[in-house]
Structures are given as structure tokens and as C-alpha cells.
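Work through the exercises below with the model open beside you. Try each task before you read its solution.

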Amino acid sequence: MSLSTAQPALLVLADGTAYRGWSFGADATVVGEVVFNTGMTGYQEVLTDPSYCGQIVTFTYPELGNTGVNLEDEESKGPQIRGAIARNVCSRPSNWRCSQSLQDYLKQYDIPGIYGIDTRALTRKIRTVGAINGGISTTILDQAELLELVQDAPSMDGLNLVREVTTREVYEWSEATDSVWEFSPTVKPASGQMWTVVALDFGIKRNILRRLASYGCRVIVVPADTSPEEILKYNPDGIFLSNGPGDPAAVTEGIATAKALLKSDKPVFGICMGHQILGLSLGAETFKLKFGHRGLNHPAGLTQQVEITSQNHGFAIDPDSLVPEVEITHLNLNDRTVAGLKHKTLPLFSVQYHPEASPGPHDADYLFDRFVQSMRDNQKVGSKK
């Protein structure tokens with residue numbers, strides 16, 4: 001981008017650290033938790049992932065916007081981040097699917113961005129002090145004035161953001177992964193039998209819905225505050241707990257709903273916040289990570305097999321709070337935090353990463369097949385009673 005026509009922008013962190021750069025996106029002021037994502041691709045999926053609601057995302061890859069944006073890669077109905085931070089921004093995107101530049105896309109949704117700052121230094125700072133509130137502004141260029149707004153903002157710890165991203169109405173999802181993009185050899189054409197899955201929407205990604213549909217699931221998506229009784233009226237074969245933003249311990253209605261649903265003996269599969277909600281419903285506790293896990297190459301495993309996974313979360317389950325009936329199936333091999341759980345006797349399991357990828361590796365896609373197998377096995381057990 002030409003600096004001769006660029007508009008100044010200011011980034012201020014809650015500790016008073018300031019970075020001056022240039023604006024891309026909307027002419028606005030926003031405040032949120034500043035985090036970083038280490039992925040080298042998939043910026044549009046990151047921008048539109050509801051799990052980033054309330055956050056300002058630093059992209060560590062040195063240039064953003066090379067491929068523009070397109071409608072097909074959105075993970076929700078539009079960008080969910082508060083703001084974006086980049087080292088450099090491409091003003092001439094080139095891709096056969098490109099329908100809009102990144103700058104115009106952010107302007108359309110009134111989301112500001114700042115570029116031209118040292119994102120390596122910013123990332124090192126976040127790793128040192130932890131994820132921290134900050135503000136981006138093109139309208140307030142006085143450091144002290146913007147700092148005052150930032151310091152008045154609430155902490156992510158204890159913040160329930162699910163109500164900002166959950167669906168307001170029940171809807172059904174049937175669109176599977178396009179055959180052109182299908183990557184799993186275990187996916188077979190539907191044989192006529194469909195598994196009814198009710199998905200609690202804490203901030204669900206579209207590619208999760210596509211993967212469930214690809215594995216033969218009829219998915220009914222319901223708001224996060226839907227009662228257990230309403231969920232069970234659909235007579236689901238399984239229940240899915242989705243990803244989402246904010247502090248999982250603050251989503252008290254979701255925890256209570258999940259706890260009540262455990263009594264139904266229905267198979268339950270949770271991803272990311274859904275993993276945390278499941279753990280909390282089983283009596284575990286969660287804690288805030290220093291700077292979280294946000295990237296596409298986090299190793300997860302427990303025994304001899306390691307999966308390279310896509311991760312995006314700022315909280316984790318405390319392993320010391322798990323009850324004896326719950327078994328740890330995966331650890332994040334970078335810091336040994338809990339990355340997967342299953343119940344020893346009930347058909348419940350969850351992971352603290354994104355097996356649907358988008359963006360990311362496909363190592364963990366088999367978990368959708370495992371969920372279907374769990375529903376199949378549960379149906380067989382039920383027929384014998």
C-alpha cells in the first residue's frame with residue numbers, strides 16, 4: 001500500500017505501550033483483547049471465526065490480503081474480530097476466487113486494522129506479558145486518550161461473549177463439503193440413513209457443520225440458551241457442543257444444559273469451547289492461559305500417535321479438577337495442557353482443537369467418523385434394551 005495516501009492509526013495496549021502505523025479497513029476506534037495467530041494461511045477464516053469475537057488479532061505472517069476475500073471461505077456471516085494487526089497489507093489481491101480486497105471487506109463491516117508496525121516485537125510482548133487488552137484507532141491518535149478507553153474495558157476472564165454470536169433461531173444445515181474440496185478417504189456417499197445431531201451454537205463454524213453433513217448427519221442448530229427439554233424433543237442421535245468465544249466458565253446456561261443432557265445417554269461431541277463446556281458439566285474447572293493457542297501447527301497426542309492440529313482458544317481445563325470417570329485422551333505437546341477428554345463409561349468425548357481445520361491440517365478429521373460410530377453403537381445398545 002502507498003504510504004503517501006495512507007491514514008495514520010494508533011495501537012495502544014493496557015500497559016501503556018503504543019505502536020503507530022497506518023490504517024487499513026474502517027475509520028473507527030475499537031477495544032478488545034490483543035492476541036496473535038501464527039498461521040501462514042487462512043486469514044479470512046480467522047477473521048470470520050466467531051471464537052475471535054471480542055479480540056484484536058495480530059497476524060504473525062508478514063503480509064496479509066494477498067488472495068483477497070471470497071464468500072465461500074467465510075466461517076460465519078461476516079468478520080467477528082474487533083480489529084486486525086498486520087506487518088504489511090497487499091492492496092492488489094490475486095486469486096481466481098477473489099471477489100473483494102481485504103481492505104474493502106473490513107470497511108464494509110466497520111472493522112479497523114493497523115499495519116506497518118513490528119508484529120514480531122508485539123508477538124514477543126504478548127508471549128511475555130500475556131494476552132492483554134488494547135485499542136486500535138484512526139480517530140483517536142492521542143496515546144493517553146486511547147489508553148483511558150482501553151483500561152476501562154472488561155477483562156476476557158469472566159466474560160460471556162456467546163450471547164453475541166449464537167444463532168437467534170433454530171435452523172437446519174445439510175450442505176456437505178464440496179466434492180472438489182473433499183479430503184477424507186473415510187467419507188462415503190450417503191446410504192440413506194441420516195444421523196440427527198442437535199448442535200448447541202456457542203459460536204459454531206460453518207466448516208464444522210459441513211464436516212458433520214459430510215459424515216451423514218442431519219444437523220439442527222439451536223441457540224446456546226435452548227433448554228434440554230427442547231433439545232430432546234428433536235430425538236437426536238447425538239449432541240454436538242460447538243466452539244465459541246470468551247470465558248467458558250461464564251456460559252452458565254450452556255454448562256447447566258450440557259449437564260442435564262448427560263442423563264439422556266446420548267453421544268456427545270465437543271470442540272474447543274464445547275470441550276470446555278463438557279468438562280465443566282462433568283465437574284472440572286477451567287483457567288485462562290497466558291497467551292493462548294492460536295495457530296495451525298500445534299501437536300496434540302498422548303501415546304505414540306501425534307496429530308498436527310488447528311487451535312484457537314485462550315482457556316483450558318485444569319487436569320487436577322477432573323473426576324476419575326473422565327480420561328485425558330490428548331495433550332497439547334507444546335505445554336502439556338489438556339487437549340482431549342472422554343468419559344470411561346458414557347459416550348462423551350471432546351477435543352481442545354479444530355478437527356474441521358479451515359484453516360489447518362486434516363489429521364484429526366477422523367473424530368467426526370468417531371462421533372458417527374458412537375451414535376451407531378449407541379443405537380445398537382438402545383435397540384437391545
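This is a predicted model: local features need pLDDT of at least 70, side-chain atom pairs count only at pLDDT 80 or more; totals for chains, interfaces and linings use all residues.

Residues are numbered from 1 along each chain as its sequence is written, and side-chain values use heavy atoms, leaving out hydrogens and water.

**Exercise 1.** Find the angle at which helix α8 and helix α9 pack.

Solution. Take α8 as residues 252-261 and α9 as residues 273-281. Their axes lie 8 Å apart, at an angle of about 65°. The two helices are therefore roughly perpendicular (65 to 115 degrees). Next, list the contact (heavy atoms within 4.5 Å). From α8 come Gly254, Ile255, Ala258 and Lys259; from α9 come Ile277, Leu280 and Ser281. Four of these residues are nonpolar, two polar and one charged.

**Exercise 2.** Decide whether Leu296 is buried or exposed.

Solution. Locate Leu296 in strand β15 (residues 286-301). Its relative accessible area is 15%. Buried means under 20%, and exposed over 50% (1.4 Å probe, protein chains only). Leu296 is therefore buried. Now check Gly39, 257 residues apart from Leu296 along the chain. Their C-alpha atoms are separated by 5.4 Å. Leu296 touches Gly39, and also Met40 and Ile308, among others.

**Exercise 3.** Find how strand β12 pairs with β10 and with β11.

Solution. Start with β10 (residues 171-173): three bridges join it to β12, antiparallel. Here Trp173 has Val219 as its bridge partner. Then take β11 (residues 195-201): seven bridges pair it with β12 in the parallel sense. Leu200 stands opposite Val222.

Methods. Axes are lines fitted to C-alpha atoms, for helices over the stretch in contact, and angles run from 0 to 180 degrees between N-to-C directions. Helices (H or I, at least four residues) and strands (E, at least two) are DSSP runs, numbered from the N terminus. Angles under 35 degrees count as roughly parallel, over 145 as roughly antiparallel, 65 to 115 as roughly perpendicular and the rest as oblique. Ala, Val, Leu, Ile, Met, Phe, Trp, Tyr, Cys and Pro count as nonpolar, Asp, Glu, Lys and Arg as charged, and the others, Gly among them, as polar. Two strands pair if DSSP finds at least two bridges between them. Lists of a residue's contacts leave out its neighbours within four places in sequence.
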